[in-house]
Amino acid sequence: MSYNWNNGQLLTLNPGDTAVCQTLNAGQLYGLFFYNSAQNDTGANLAVVWSNSQPPVTVNVPGTTGNQGLASVVFVYGGDTTTVSVSMLQNQPGAQVQAFICSVKMPTDTSGISNKGLPEDGRPHSFEKFTRYFDVPASHWYQLQVQSNINQFIFVQFKEQSAQVVVLNSTSDPSQTVQGVGSAVNMYKVSAVPFQNYSYSLQGNGSQIVWINADSVQNSQTASISLQSLTALYDLHSGELVAHD
């Protein structure tokens, strides 16, 4: 079966299926996310075609039980191509994969995805599987914090032309399931930290930022994310600078 994937929507691929997206924008970095959804321990092999002059890239989505595995991620740059296709190879009995496209733009069809704005209140918000948070930070400093007590918890932060893959409680190298093609190879980085709590500063410029969970159901049950504005406002009554949160 062939699927129109122009909206980057969450869909399910079985052996022999192909999904084609023809709406990648020049200047934007995209992530193709693949979850093993077979109700058994069957792995899956996919072929990603992004160039007529380059061979397809093979993506392995490791086997798992009951849709509990991590995502495999492939980064593609819209400046290299407007079209990308994903095919699940034949002769893989029992294999099944869920897939969606994420960027500051996609998916535009968020059926099956929890897509919501991340409040700038500094409070922890649930960060479950298939959760996409977005915000348009103003031109000042913010603090982002993600917490998980599970080993190898993974999420991705997207800006228009860059991505950061963050691994909390890191126990192994995630590069086996994260890769880029073409220019995208140099447009993402992986940050592996041995802690349950990861906090970093970011400076807004009026452009959208997106955070997407790339982990499994069981690893995301207790995960949380928070964003706090660190700008200072002048209090006319006290005559002092006060933190704004």
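**View A. Phenylalanine 33 and phenylalanine 100 are both buried.** Here, "buried" means under 20% relative accessible area, "exposed" means over 50%, and "partly exposed" is anything in between, using a 1.4 Å probe and protein chains only. Before going on, a quick note: this is a predicted model, where local features need pLDDT of at least 70, side-chain atom pairs count only at pLDDT 80 or more, and totals for chains, interfaces and linings use all residues. Residues are numbered from 1 along each chain as its sequence is written, and side-chain values use heavy atoms, with hydrogens and water left out.

**View B. Ten aromatic pairs turn up when the whole structure is searched.** In one of them, the rings of phenylalanine 33 and phenylalanine 100 have centres 5.0 Å apart and planes at 5 degrees, so this pair is stacked. The two partners come from distant parts of the chain, 67 residues apart: phenylalanine 33 is in strand S4 (residues 29-36), and phenylalanine 100 is in strand S9 (residues 97-102). What kind of pair do phenylalanine 100 and phenylalanine 130 form? That pair is edge-to-face, with 6.0 Å centre to centre and 80 degrees between the planes. Phenylalanine 100 sits in S9 and phenylalanine 130 in the loop between S11 and strand S12 (131-135), so the pair ties together parts that are 30 residues apart in sequence. As for the terms, rings of Phe, Tyr and Trp (its six-membered ring) pair if their centres lie within 6.5 Å; planes under 30 degrees apart count as stacked, over 60 as edge-to-face and the rest as tilted. Strands (E, at least two residues) and helices (H or I, at least four) are DSSP runs, numbered from the N terminus.

**View C. Ring pairs join Phe33, Tyr35, Phe75, Phe100, Phe130, Phe158 and Tyr188 into a cluster.** Phenylalanine 130, another cluster member, counts as buried because its relative accessibility is 12%. Its phi is near 60 degrees, a positive value in a residue other than glycine.

**View D. Four strands make an open sheet in the order S11-S20-S13-S18, with antiparallel pairing.** Strand S11 (125-126) and strand S18 (197-203) stand at the edges with a single partner strand each, so one side of each has no neighbour in the sheet. Strand S13 (residues 141-147) and strand S20 (residues 224-229) run antiparallel and are joined by six bridges; two strands pair if DSSP finds at least two bridges between them. Which residue in S20 stands opposite glutamine 143? The residue is glutamine 228.

**View E. Aspartate 121 and arginine 123 meet through their side chains in a salt bridge, 3.8 Å from N to O.** One salt bridge is what a search of the whole structure finds. The term stands for a side-chain nitrogen of Lys or Arg within 4 Å of a carboxyl oxygen of Asp or Glu. Aspartate 121 counts as partly exposed because its relative accessibility is 24%, while arginine 123, at 55%, counts as exposed.

**View F. Aspartate 135 is buried yet has no salt bridge.** How far away is the nearest side chain of opposite charge? That side chain, arginine 132, is 11 Å away; Lys and Arg count as positive and Asp and Glu as negative, while His and the chain ends are not counted. Leaving aside neighbours within four places in sequence, aspartate 135 is in contact (heavy atoms within 4.5 Å) with residues including Trp211 and Leu227.

**View G. Valine 165 belongs to strand S15 (residues 162-168).** Buried or exposed? Valine 165 counts as buried because its relative accessibility is 1%. Beyond its neighbours within four places in sequence, its contacts include Phe75, Ile154 and Tyr188. The C-alpha atoms of valine 165 and isoleucine 154, eleven residues apart along the chain, are separated by 7.0 Å.

View H. Most residues other than glycine have a negative phi, and most peptide bonds are trans. A cis peptide bond, with omega about 0 degrees, joins methionine 106 and proline 107, and proline 107 is in the loop between S9 and strand S10 (114-117). Asparagine 91 is not a glycine, yet has a positive phi of about 60 degrees. This asparagine 91 is in the loop between strand S8 (84-88) and S9, and is exposed, with a relative accessible area of 76%.
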